[in-house]
Amino acid sequence: GRPIESVAREHGIEPSAIVKLASNENPFGMSPAARQAIASLEGNPSRYPDSDSVALRDALAGHLKQDPQRILIAAGSSELILLAARAFLEPGRAAVMSQYSFISYGLAVRSVGAEAIAVPALDWGHDLKRMLAAIDERVRLVFIASPNNPTGTMLSKEDIERFIAAVPSNVLVVLDEAYREFTPAEHRPDVDKLLQRHDNLLVLRTFSKVYGLAGLRVGYGLGHPDLIGYLKRLQLPFSVTVNAQHAAVAALGDQAFVEQCSSANKTERSRLCAELEARGIRYIPSFGNFVLLHVGDGPKVFRSLVERGIVVRPVANYGLKEWIRVSVGLTHENDAFLRELRAVL
Ligand code: PLP
């Protein structure tokens with residue numbers, strides 16, 4: 001998450017010479033329509049934003065064929081993770097998550113004084129049976145992510161459906177779909193159906209990944225209108241900026257861009273993985289826009305790559321000291337990563 005300029009200064013490299021493959025952003029940036037929307041704002045950001053993000057909420061309601069009352073716009077899905085923890089947890093309560101899952105879940109849970117129960121992974125992904133068994137009377141929240149960060153694993157639609165149906169109704173299931181758009185359409189869960197059936201479900205989506213708006217901070221949650229109401233009451237007023245709201249409406253309108261980026265990601269990810277395979281480097285097959293690979297000493301390889309102008313993500317804080325996570329970049333960025341990785345290893 002460090003700015004490129006600060007990494008460049010530390011290592012005496014030109015910022016423009018740095019290849020950043022650390023945060024699963026969209027290497028193509030944002031849709032030209034979103035860029036245009038921001039440019040055309042001119043003086044508008046001197047007014048407060050619409051605190052209900054009505055234009056964006058309505059655009060999403062149309063796009064998803066959802067009731068707008070079921071949608072909460074937030075400053076990235078990160079804000080929603082924290083809101084869910086604040087709404088459902090307190091000291092003495094607990095949340096269940098998988099061993100290798102997004103670091104913010106545990107941080108949010110502990111920040112409100114609750115316990116984070118990490119269930120050992122199964123084949124690098126969620127062990128849904130054990131996660132279900134870990135739900136005791138203290139638990140009020142359970143996080144699942146598909147695809148999962150940092151491992152890139154995906155849950156099947158059927159497993160997600162069965163899991164949500166089996167979770168007690170007084171426990172909120174947070175289904176994190178930050179990387180949904182990178183998966184084949186036929187594997188995506190039918191969230192409509194799930195929301196109709198289960199009031200204890202919050203689905204998280206973001207404009208930070210395939211939509212390329214990570215720096216603007218905008219995402220949304222889908223859930224029962226009462227749930228959305230509770231979360232909304234905990235949200236800071238005006239947490240979603242004018243620029244973010246405008247850009248997201250425009251980005252949503254350019255689905256061709258989303259499809260192009262998702263398809264380019266698939267091509268480049270396959271190429272990257274084929275190259276790793278050819279070199280005998282172990283990696284976890286990924287459904288996201290990143291790949292977790294085994295390098296022996298993760299922090300050391302990370303530092304050596306930084307010195308060569310390639311910034312990836314060390315994952316020792318996930319308990320994965322021997323691995324690094326690399327985001328799928330543009331062709332020349334992936335080539336640079338592969339070249340420098342060879343030199344470093
Ligand atoms: N969920 C997952 C699984 C992620 O990997 C990330 C970011 O990397 C987020 C949520 C948070 O994204 P944002 O707050 O930018 O929407």
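Start where the two domains meet: 19 residues of domain 1 are in contact with 18 residues of domain 2 (contact: C-beta atoms, placed from the backbone, within 7 Å). This is a predicted model, where local features need pLDDT of at least 70, side-chain atom pairs count only at pLDDT 80 or more, and totals for chains, interfaces and linings use all residues. Residues are numbered from 1 along each chain as its sequence is written.

Now pick α11 (255-278) and β10 (290-294), the elements that give two or more residues to the side of domain 1 that touches domain 2. Helices (H or I, at least four residues) and strands (E, at least two) are DSSP runs, numbered from the N terminus. The largest share of that side, 4 residues, comes from α11.

Next, the ligand. Its shell holds 13 residues, and Gly-76, Ser-78, Asn-149, Thr-206 and Ser-208 are the closest (near: C-beta atom, placed from the backbone, within 6 Å). Helix α4 (residues 76-88) gives the most, 3 residues.

Stay with Asn-149: its peptide bond to Pro-150 is cis, omega near 15 degrees. Step back to Ser-146 and you'll find another cis bond, to Pro-147, with omega near -10 degrees. Pro-147 sits in the loop between β5 (139-145) and α7 (157-166), and Pro-150 is also in the loop between β5 and α7.

Last stop: Arg-217, not a glycine, yet with a positive phi of about 65 degrees. Look for it in the loop between β7 (201-206) and β8 (219-223).
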